[in-house]
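Take a moment with the sequence and the model before reading on.

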Amino acid sequence: MRPVALTGTPNIKMHYFPTDKKLRDKWTRFVRMHRKDFVPKKLSCLCFAHFDESCYRKQLVLAEKEVLSSIDTEKKIIPGSIPYVFSLTDRKQRRVSVI
C-alpha cells in the first residue's frame with residue numbers, strides 16, 4: 001500500500017489510489033458516482049472520510065517528544081479496503097490541498 005498523502009489540514013489523511021488494477025477500478029467507480037468523467041492520475045487521492053472505521057487497523061508507534069519517548073496509536077488503512085462512505089458536506093468545505 002502506498003504512503004498517505006500529505007495535506008495542508010491537520011488530522012486530514014488522504015490515501016493514494018492503489019496500484020493494483022482491480023482495486024484501483026473499484027475506487028474509480030466510487031468516485032465516478034459523483035464525477036462521471038473522473039480518470040485517476042498517478043497522484044490521485046481519496047480522503048480518509050470515505051472509508052469506514054472497519055477499513056483501518058490501529059498500529060502502535062513510538063513518538064519521540066523531547067527527551068522522553070511515548071507509545072501512541074496510529075490508524076493505518078487495511079490493504080484492499082474500498083471506499084463507500086459519502087460525505088454530506090459541501091465540496092468546498094472538504095477540499096484540501098495535497099503537498
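Are Phe 17 and Trp 27 buried or exposed? Both of them are buried. Please keep in mind as you read that this is a predicted model.

For Trp 27 the relative accessibility is 0%, and because buried means under 20%, this residue counts as buried.

## The overall layout

Let's step back to the whole chain. It has two helices and five strands, and read from the N terminus the elements run β-β-α-β-β-β-α. Of the 99 residues, 26% count as buried.

Taking the contacts in the chain with a separation of 6 or more, 53% are accounted for by residues 24 or more positions apart. The accessible surface of the chain is about 7,700 Å², and 57% of that surface belongs to carbon and sulfur atoms.

## The aromatic cluster

Now back to the rings. The chain has four aromatic pairs. One of them joins Phe 17 and Trp 27: the ring centres are 5.3 Å apart with the planes at 65°, and since an angle over 60 degrees counts as edge-to-face, that is how this pair is classed. Phe 17 sits in the loop between strand S2 (14–16) and helix H1 (21–32), while Trp 27 belongs to helix H1, so the pair links distant parts of the chain, ten residues apart.

Trp 27 also pairs with Phe 51. Here the centres lie 5.1 Å apart and the planes meet at 55°, so this pair is tilted. With 5% relative accessibility, Phe 51 counts as buried.

Which residues do the ring pairs link into a cluster? The members are Phe 17, Trp 27, Phe 38, Phe 51 and Tyr 56.

## The cysteines

How many disulfides does the structure hold? The count is zero.

Notes: Residues are numbered from 1 along each chain as its sequence is written. This is a predicted model: local features need pLDDT of at least 70, side-chain atom pairs count only at pLDDT 80 or more; totals for chains, interfaces and linings use all residues. Side-chain values use heavy atoms; hydrogens and water are left out. A disulfide is a pair of cysteine sulfur atoms within 2.5 Å. Rings of Phe, Tyr and Trp (its six-membered ring) pair if their centres lie within 6.5 Å; planes under 30 degrees apart count as stacked, over 60 as edge-to-face and the rest as tilted. Helices (H or I, at least four residues) and strands (E, at least two) are DSSP runs, numbered from the N terminus. Buried means under 20% relative accessible area, exposed over 50%, partly exposed in between (1.4 Å probe, protein chains only). Contact means heavy atoms within 4.5 Å. Accessible areas come from the Shrake-Rupley method with a 1.4 Å probe; for residues, only the protein chains shown count as cover.
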